[in-house]
Amino acid sequence: MSELILLRHREVAGLNQLKTYIADGGFETWKKVVTSRKPEEVLNDVKASGLRGRGGAGFPTGVKWSFLPNNIWPHYVVANSDESEPGTFKDRELLEFNPYLFIEGLMLTSFAVQANDAYIYFRGEFSQIAKKFDERLAELTAKGLLGDALFGTNYSLRIHTHLGAGAYICGEETALLESIEGRLGQPRLRPPFPAVAGLFDKPTVINNVETLANIPYIMEKGVDAFRKNGTEKSPGTKIFSLSGRVKKPGNYELPLGTTFRELIFKHGEGIINDAKVKAIMPAGASSTLIPATDAALDTPMDYESTTAIGSPLGSASVMVLDETVNISRVINNTVHFFSHESCGKCTPCREGNFWMSHISDRIESGKGKKDDIELLNSVATQMQNKCFCALGEFSTMAVVSGLQHFRADFEARLES
Amino acid sequence: MNQLLKKFPEEINRILARYPIDRKQAAVMPLLHLAQGEEGFVSRTALQEIAEITGISTTEVASVVGFYTLFHDAPEGKIRLQVCTDVACDLRGATEYLTELCEKLGIKPGETSTDGLITIEEVKCLAACDKAPLFQAQIGDEVDYHENQTPARTIDWLRSMSAALIGTPLKTISLEETKPEEGGSHE
Ligand SMILES: Cc1cc2nc3c(=O)[nH]c(=O)nc-3n(C[C@H](O)[C@H](O)[C@H](O)COP(=O)(O)O)c2cc1C
Ligand code: FES
């Protein structure tokens, strides 16, 4: 097992206490950076590290920061703590057990783009975590690690929390901004991109919790140390949320490029009752269903290789399905999820998901006819490339791939 | 008279101070959480008061309440017991857990127990999929996670909550079948 960077709290007890985090060397990098480094040096280091966004899209983090124009102020940084993709539970572990690592990352990011105000957007279900964060942030301010004129420099930073109230779509970055601004969480038309006109119409960086938690290590240990883990194009470690029909579900921090087989059979200790593994969904409910062939199991989990076998890596929420699972039931669940979470703004997503859940319900209840399978496929394919945001596209992935690879599961449910 | 403002002047100032001065609308969600924490739901009066504080219309505030699933416009059970039956949990028995729990309590998802203690709801992924079956309990505006559940464990917890919140024993359909969990403490 490689060194634990993000899940270090599993090795150092009490890391979610400020004094323990400080005793462990925490916030030294923060102080050093604010007092002796230039913002563009931080940006260049993060760019050189090759760190890619852990929230789903895998976009290079430093490159994203560099899009902020230097003639429009103020700049904002927003941490995406909405974590709502079914099968994803890594940010929650960080927020509860290694919160200061994430906060220090958010601070360093704010310094890099010279933001004086940063926001943490928590999903509504994390209300306890958010409350605790308000206390933590107040304590950091009292200790002089946040606030005005930090360490005698002219740099100031305030961090605010904002609590959502139950809406998957608010994880999408522009819907998230709408939600902070007090409106319905519906995505914005792009361009303009948030880097130019984001929160309160100002240049904004939005990053996932885990992405931000990688920054202190890069700034403390350096680019080369960071790049020691992972692959050339997908450097670093990643937290894989393993769930479904495995013996030992949970979060595992492993180098990017670790194979599905190692994750599922070594760390996850294999399948419940040693049943046969049937399919993998590497990116939660938004994922394509990948038949668990030997070739798929031996695929390295990095951004390129996973995409090559048919699904983006997303936020690496690996859901495992075994031979006891009927794929029609899985699809019934995902289409209901998306139907419930569609924000209603665009017609293909709203209506498409409504119809997909109806047809799928009919099949699941044993009242489906043969034509229903084709109808389901046709609704899904007609939605593709027509939705306003990625949610609509995501909703079709499991349906189309499920019907392609596991049609017999649907046929078995039809009216006899 | 704005009751919310009167009751929480400092808290409301703190909330407003988080956002740019000309962006008061951003305070809508934190204010809704504040109001809901008081009454367990967002009343018509609270809507008007929040509209007044943030300078938007009551209709706009109401549409925010309608959009987000954790905001409620009507009082229901004191405990909103929200069971995740999303994909990853379903793969680990959450649907069967919910069915059994509902049978024992004699209510269906979406319904409230006659004593007003519990409203059962089916919800989407709660970011705790490795600890299924699980539910979150929303009481007022507080949300608490209860992981690795069995119907018996949940009933045990509900028993203690029933005593604490409404002072009467928990109503179940088949008490005798609901054996307390080993090592579980209850009378
Ligand atoms: C429907 C939808 C839901 C999303 N949910 C989340 C989420 O819960 N958490 C998250 O960090 N990113 C989520 N994203 C991705 C964000 O839009 C954004 O790309 C990400 O926060 C950027 O951070 P990163 O570059 O650090 O990954 C979602 C995207 C879409 C389209
Ligand atoms: S699917 Fe239930 S908590 Fe994630």
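1. Starting with the interface: 40 residues of chain B are in contact (heavy atoms within 4.5 Å) with 61 residues of chain A. Keep in mind that this is a predicted model, where local features need pLDDT of at least 70, side-chain atom pairs count only at pLDDT 80 or more, and totals for chains, interfaces and linings use all residues. Side-chain values use heavy atoms, with hydrogens and water left out, residues are numbered from 1 along each chain as its sequence is written, and chains are lettered from A in the order in which they are written.

2. On area, about 3,900 Å² is buried between chain B and chain A, 54% of it from carbon and sulfur atoms; that is accessible area (1.4 Å probe) lost on putting the two parts together, summed over both. On the chain B side, B:Phe67, B:Leu91 and B:Lys124 lose the most area to chain A, together 17% of what that side buries.

3. As for charges, there are 6 salt bridges between chain B and chain A (side-chain nitrogen of Lys or Arg within 4 Å of a carboxyl oxygen of Asp or Glu). A:Arg329 and B:Asp90 form a salt bridge at 2.5 Å, N to O.

4. Now the sheet in chain A: it is open, has 5 strands in the order S6-S5-S9-S7-S8, and its pairing is mixed. Strands are DSSP E runs of at least two residues, numbered from the N terminus, and two of them pair if DSSP finds at least two bridges between them. S6 (250–255) and S8 (290–291) of chain A sit at the edges with a single partner strand each, so one side of each has no neighbour in the sheet.

5. S7 (residues 277–281) and S8 of chain A pair antiparallel over 2 bridges, and A:Ala279 is opposite A:Pro291 in S8(A).

Technical notes:
Helices (H or I, at least four residues) and strands (E, at least two) are DSSP runs, numbered from the N terminus.
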